[in-house]
Amino acid sequence: MSYNTFGHLFRVTTFGESHGPALGCVVDGCPPGIALTEADIQADLDRRKPGQSKFVTQRREPDAVRILSGVFQDERMKQQVTTGTPIALLIENVDQRSKDYSDIRDKFRPGHADYTYWEKYGVRDYRGGGRQSARETAARVAAGAIARKILASLYKGVRVRGAMVQMGTQTIERKRWKWGAVAQNPFFCPDPGMINQWADYLEGIRKKGSSVGAVIEVVAEGIPAGLGAPIYGKLDADIAAAMMSINAVKGVEIGDGFAAAALTGEENADEMRKGAKGKPKFLANHAGGILGGISTGQPIVARFAVKPTSSILSPRKTVDVKGNETEIVTKGRHDPCVGIRAVPVGEAMLACVLADHALRHRGQVG
């Protein structure tokens, strides 16, 4: 299987399967001299790991990361730093229950990649989805932690954050948005007024053995103007590709996205006034911080839609590997809303794209 690597100067190659002994990634292109420890990476992994509430899969994985290469420290140094060589990260799987999937090994889950994998490769790891499992995203989050360190070394005050803005049919009230609330509830919800409503809503979905989708918003602040390129290296195009590569994502917006189609030219224009230090002051950010594929210096805003989890307890009609019609029920431990744990994944992918473009920008214009 090819295409397990993304990025140009900051390159990430992930490996591993849901029920294999381990998963991880190799990060290439990280500059030398950046302070990096396992604790720096673990903090982000802890936000994504399963089993943290009844609203996500109950698989118990500590997601403890090990740095195998690319860092160094001796008695002359105050802290461990990157060496500029490839950084290998390993995360062991410790709570697999492969027997949960024995009943579906010859059946294709509707809405899942089972059929397409079988058609392309002629073999598939049905245990938790194998390589197609969202478990692979743990490696992306680990790589994203390194990307954040790179961004912080280049730009003062950079911050990459995310939140869930819609769960199924339930949307937040943006006037009540509080970033401080995101870390205080199991949904990464920025609207304190929706938390209890979402809990009741998802509990009903979970008890039915069903699932719902979600919309995630990720925001990067402190990124200067100039990152990206106007034709085939558009910053927004790379962000969109990164978000679409996340499991179960079916749509991406930058800034106002599809809502911009309903605006007039006057409404959509992000007017400018004279600002500080010779920089313009924008009166709005419909463009999501990117114009002509190049960052404007405003907050970069992207949203992505996550479909409902395909592994559900409700019986569904399908076919098996021999083409026979049958019925399928997916047992095991699954997220009733996989979008919840997609929040730190979206943050990581945005950080990786920005780190890559920051290094490309530095290499091109100094």
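**Figure 1. R109 and D114, a buried pair.** Both R109 and D114 are buried (buried means under 20% relative accessible area, exposed over 50%, partly exposed in between, with a 1.4 Å probe and protein chains only). D114 is buried at a relative accessible area of 1%. The two side chains form a salt bridge, with the closest N and O atoms 2.8 Å apart; the term stands for a side-chain nitrogen of Lys or Arg within 4 Å of a carboxyl oxygen of Asp or Glu. This is a predicted model, where local features need pLDDT of at least 70 and side-chain atom pairs count only at pLDDT 80 or more, while totals for chains, interfaces and linings use all residues. Residues are numbered from 1 along each chain as its sequence is written, and side-chain values use heavy atoms, with hydrogens and water left out.

**Figure 2. R124 also reaches D114.** R124 and D114 meet in a salt bridge at 3.5 Å, N to O. This pair links distant parts of the chain, 10 residues apart: R124 is in the loop between α2 and α3, and D114 is in helix α2. Helices here are DSSP runs of H or I with at least four residues, strands are runs of E with at least two, and both are numbered from the N terminus. How buried is R124? R124 has a relative accessible area of 9%, so it goes down as buried.

Figure 3. The side chains of R303 and E253 meet in a salt bridge of 3.0 Å, N to O. Here too the pair links distant parts of the chain, with R303 in strand β16 and E253 in strand β11 (residues 249-254), 50 residues apart. R303 counts as buried because its relative accessibility is 14%. Another set of side chains, D44, R47, R148 and E347, is linked in a network of salt bridges. By the cut-off used here, the count comes to 24 salt bridges.

**Figure 4. I300 in strand β16.** I300 sits in β16, which covers residues 300-306. With a relative accessibility of 1%, I300 counts as buried. I300 and I290 are 10 residues apart in sequence, and their C-alpha atoms are 6.8 Å apart in space.

**Figure 5. The two sides of helix α5.** Which residues of α5 are buried? They are I195, W198, A199, L202, E203 and I205. Down the axis of α5, these buried residues fall within an arc of 160°, so they line one face of the helix; the arc is taken over the directions from the helix axis to the C-beta atoms. N196, D200 and K207 are exposed on the other side of α5.

**Figure 6. The buried face of helix α6.** L235, I239, A242 and M243 are buried in α6 (residues 235-244). Viewed down the axis of α6, the buried residues keep within an arc of 95°, so they line one face of the helix.

Figure 7. A pair of aromatic rings is described by the distance of the centres and the angle of the planes. Rings of Phe, Tyr and Trp (its six-membered ring) pair if their centres lie within 6.5 Å; planes under 30 degrees apart count as stacked, over 60 as edge-to-face and the rest as tilted. The structure holds 5 aromatic pairs. W177 and W179 have ring centres 5.1 Å apart and planes at 70°, so the pair is edge-to-face. W179 is partly exposed, at 25% relative accessible area. F108, Y115 and W118 form one aromatic cluster.

Figure 8. Most residues other than glycine have a negative phi. Y3 is not a glycine, yet its phi is positive, at about 65°. Y3 lies in the segment before β1 (5-6), and is exposed with a relative accessible area of 80%. F188, also not a glycine, has a positive phi of about 55°. F188 is in the loop between α4 (179-182) and α5. Is F188 buried or exposed? F188 is buried, with a relative accessible area of 11%.
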